[in-house]
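Have a look at it first, then we'll go through them.

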Amino acid sequence: MRILGMISGTSHDGIDVAVVDFRLVGGLLEGRVGHTESTPYPADLRARLIAALPPAETTLAEVCVLDTLIGQSFAGAAASAIALGGPVDLIVSHGQTVYHWVEGTHALGTLQIGQPAWIAERTGVPVLSDVRIRDITAGGHGAPLVSVLDGLLLGAHEGGAGALNLGGIANMTVVRGGELYAYDIGPANALIDAVVTSRGLNERGFDEDGRIAASGRVDERLLEVLLDEPYYGLAAPKSTGKELFHLGYVEAALSIVGSRAGREVGDADLVATLTELTVRTVAGDVRAAGVGALLVSGGGCRNPVIMDGLRAALPGVDVAPSDDYGAPSDDKEAIAFALIGWLTAHGLPGTVPGGTGARSARILGTLTPGAGPLVLPAPVAEPPRSLVLTR
């Protein structure tokens, strides 16, 4: 079954797609990764999206407009992927998260927009969407859903392994001895990107190759304030997002440091400090997990300041890109959502309770029919025990 996975993550910079051809052989699921691509949002759409995200106020009219524009962008990306990568049987669209409602240790709701009907209309292919909410209704956090992929990829790793995704938010899955747990650690690129964008430090909106961080020095007073965030002390499972970690959060921390030290923190030093915040929080949790290997994916794995910092802070851990396990680091989340689509289509849960905190696993998503009747494969009685990805 050929499935197209699509996602725009918490960096909200564009749409990642991956076509995966799945075949079940006994208890082994084989996935051949075909066409992958990243399509940036148009600059005006990204600016409009950023302006509507919390803590900004917005209107239902603006949400409706963004739902349509993002749905049309996803439809265009899907049509391009099919034209270049061949026909698919199912499309899985994560859409764009605009709000993740968490109070204390409980997730109460989540909202992803990007109307899937635009995708189905453009391509004629059925679309699975709204994949997080069913887990939340079962008491989970609806995140990180990539843990189902991590569990199948790393389950046989001796000594335990961690899978780290460095998107806007850093999340980690830990797999050891048949057990799995996962959670959001904290900001990866979210705060860095917010500062780079708001201060116009470059045209890309992120610290490309870590150049800005490398040119600055860590401000220990500011880092101390940032590390005092109560979220880090919460027990897993837990989830977070830009509802907490946004530009105003940085500005509040800077005001505390300014009142104490009577000075300002320069742009390069600020980016260096926020980068070190990612390194410190991630490394601390990896040490606590006691894993011997850490597979890294997401945009942050292209930042040498972050990666070198993690390797220096974790001398006994093999830190490597997820490419080593057949999951290209830039495409891993899109592959994960293609996997969730395969599981849903075959009547299988797309979550692991230890990964999200749900009472039990759930089949995920809502289906929008394509051009013809909606026909699903025969259900599979037992979930696959492992997954092997190839190109």
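This is a predicted model: local features need pLDDT of at least 70, side-chain atom pairs count only at pLDDT 80 or more; totals for chains, interfaces and linings use all residues.

Q: What does N171 touch, not counting residues up to four places away in sequence?
A: The list is P144, V146, A163, L164, N165, Y183, D184 and I185. Contact here means heavy atoms within 4.5 Å.

Q: What makes β8 and β9 a pair, and which way do they run?
A: Two strands pair if there are at least two bridges between them. β8 (residues 169-176) and β9 are joined by 8 bridges, so they qualify, and they run antiparallel. In this pairing A170 stands opposite G186 in β9.

Q: How do you know whether G186 is buried or exposed?
A: Its relative accessibility is 0%, and the cut-off for buried is under 20%, so G186 counts as buried. G186 is found in strand β9. Leaving aside neighbours within four places in sequence, G186 is in contact with I169, A170, Y231, Y232, T240 and F245.

Q: What makes D150 and K332 a salt bridge?
A: Their closest N and O atoms are 2.6 Å apart. D150 lies in helix α5 (residues 147-154) and K332 in helix α12 (residues 332-345), so the bridge ties together parts that are 182 residues apart in sequence.

Q: Are D150 and K332 buried or exposed?
A: D150 has 2% relative accessibility and K332 has 4%. Buried means under 20%, so D150 counts as buried, and so does K332.

Q: How many salt bridges does the structure hold?
A: There are 9. One of them joins R204 and E208, at 3.0 Å from N to O. Another is R211 with D209, also at 3.0 Å from N to O.

Q: Why is R211 put in one accessibility class and D209 in another?
A: Exposed means over 50%, and partly exposed lies between that and the 20% limit for buried. R211 is at 53%, so it counts as exposed. D209 is at 40%, so it counts as partly exposed. In the other pair, R204 at 47% is partly exposed, and E208 at 25% is partly exposed too.

Q: What makes Y99, W101, L108 and L111 a patch?
A: They form a nonpolar patch on the surface, with about 360 Å² of accessible area together. A patch residue needs over 30% relative accessible area.

Q: Which strands supply residues of the nonpolar patch?
A: β4 (90-103) and β5 (106-113) each supply at least two. L111 is found in β5.

Q: How do you know that β4 pairs with β5?
A: The two are joined by 7 bridges and run antiparallel. At least two bridges are needed, so β4 and β5 pair. T97 stands opposite Q112 in β5. Their hairpin has 2 residues between the strands, and G104 there takes a positive phi near 65°.

Q: What makes β4 and β6 a pair?
A: β4 and β6 (residues 127-129) share 2 bridges, in the parallel sense. The rule asks for at least two, so they count as paired. I91 stands opposite V127 in β6. β4 also pairs in the parallel sense with β1 (residues 2-8), over 5 bridges.

Definitions and conventions: Residues are numbered from 1 along each chain as its sequence is written. Side-chain values use heavy atoms; hydrogens and water are left out. Patches are made of residues with over 30% relative accessible area and no salt bridge: like charges are joined within 9 Å, nonpolar side chains (Val, Leu, Ile, Met, Phe, Trp, Tyr) within 5 Å. Accessible areas come from the Shrake-Rupley method with a 1.4 Å probe; for residues, only the protein chains shown count as cover. A salt bridge is a side-chain nitrogen of Lys or Arg within 4 Å of a carboxyl oxygen of Asp or Glu. Helices (H or I, at least four residues) and strands (E, at least two) are DSSP runs, numbered from the N terminus. Buried means under 20% relative accessible area, exposed over 50%, partly exposed in between (1.4 Å probe, protein chains only).
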